[in-house]
Amino acid sequence: MQDYYVHESSYVDDGVKIGSGTKIWHFCHIQKGAEIGSDCSLGQNVNIGSNVRIGNGVRIQNNVSVYEGVELEDNVFCGPSCVFTNVNTPRAHFPVHGVYARTRVREGASLGANCTVVCGHTIGRSALIGAGSVVTADVKDYALMAGVPARQIGWVCECGKRLRTPELTCTCGRSYRLFGDILEQVGR
C-alpha cells in the first residue's frame, strides 16, 4: 500500500523510493533511482534528478530542480525557484555523461527564494542562504549568507533567528560559542 501522496499530474519513474507521509504536488517529475525520505513536501513543478538523495522532513518549494550530484540532508528547506547546478563548465557540444560535481546541503539548512548554489560545495548545518544570493564556496554551519557572491554576514540559530553578538545567544534559549571560525551550540 502506498503511504505517500503523488498528484495525478506528476510523474514518478520506475526505481524511485519515496518515504511515508511525503507529498508530491502538481507537475513534478521524480527521475529513476531517486530516493526521497519520509514527511517531505515537494511543491509545484519540482524536478528531482536521477539518483538524487533527499532526507526526511525536506521542504522543496515551487519551481526547483534538484539535479544529479546534489544531496539534501534531513530538514532542508529550498525556497521557491532556488537553483542548483551540477557541472562547473557546461558545454552543449561536450556533455559530461554522468560526471557531476557533488553538492551537499547539510541538515537543517535553508536556501532562500531565487538563490543559486554553484556545484561542488557544501552548505553547512542550519546555515541560512539569503534570497537571491549566489553560493560559490563552502558555507559554515550556522552561517548567515547574503549577496552575489554570497558572503557571511552573521550567524543564525538552529531555529533560524539571527544570533545576537557578541554573546551568540538566541531568544529561543539556545546559546553558542566560537572555536576559531567554527560555531558550536553549547546550551538550550
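In the predicted model, R53 has a relative accessibility of 47% and therefore counts as partly exposed, since this value falls between the limits of 20% and 50%. The side chain of R53 forms a salt bridge with E71, in which the closest N and O atoms are 3.3 Å apart. Because R53 belongs to strand β9 (residues 53–54) and E71 to strand β12, the pair ties together parts of the chain that are 18 residues apart in sequence.

In the salt bridge between E167 and R164, the N to O distance is 3.9 Å; E167 is partly exposed at 42% relative accessibility, and R164 is partly exposed at 41%. Salt bridges with shared partners also join R53, E71 and R102 into one network, and the count for the model comes to seven salt bridges. In general, side chains of opposite charge can pair when their charged atoms come close.

Attention now turns to the nonpolar residues. The largest nonpolar core contains 36 residues, of which I48, I60, L72, F84 and L111 touch the most other members. Strands β12 (70–72) and β21 (143–146) each supply at least two residues of this core. When its neighbours within four places in sequence are left aside, L72 is in contact with R53, I54, G55, V58, I60, V66, C78, F84 and V105. A second, separate core consists of eight residues, including Y142, L163, L168 and Y176. In soluble globular proteins, nonpolar side chains tend to be buried together.

Y176 also has a place in the strand pairing, where it stands opposite Q185 in β24. Strands β23 (residues 175–179) and β24 (residues 182–187) pair in the antiparallel sense over five bridges, and together they form a hairpin with two residues between them, where G180 in the turn has a positive phi of about 70°.

T136 is found in the loop between β20 (134–135) and β21, and its relative accessible area of 40% makes it partly exposed. Apart from neighbours within four places in sequence, T136 is in contact with V118, H121 and P149. The C-alpha atoms of T136 and A146 are 11 Å apart in space, although the two residues are ten residues apart in sequence.

For the chain as a whole, there are zero helices and 24 strands. Taken along the principal axes, the C-alpha atoms fill a box of roughly 50 × 45 × 20 Å. Of the 188 residues, 39% count as buried, and the chain exposes about 9,700 Å², of which carbon and sulfur atoms supply 48%. Among contacts with a separation of 6 or more, 16% are between residues 24 or more positions apart.

Conventions: Residues numbered from 1 in each chain as written. Predicted model: local features only at pLDDT ≥ 70, side-chain atom pairs only at ≥ 80, totals over all residues. Heavy atoms only, no water. Core = buried A, V, L, I, M, F, W, Y, C linked by side-chain atoms within 4.5 Å. Buried < 20%, exposed > 50% of the residue type's maximum accessible area, 1.4 Å probe, protein only. Helix = DSSP H or I, 4+ residues; strand = E, 2+ residues; numbered from the N terminus. Contact = heavy atoms within 4.5 Å. Pairing = 2+ DSSP bridges. Areas by Shrake-Rupley, 256 points an atom, 1.4 Å probe, with all protein chains shown as cover. Salt bridge = Lys/Arg side-chain N within 4 Å of Asp/Glu carboxyl O.
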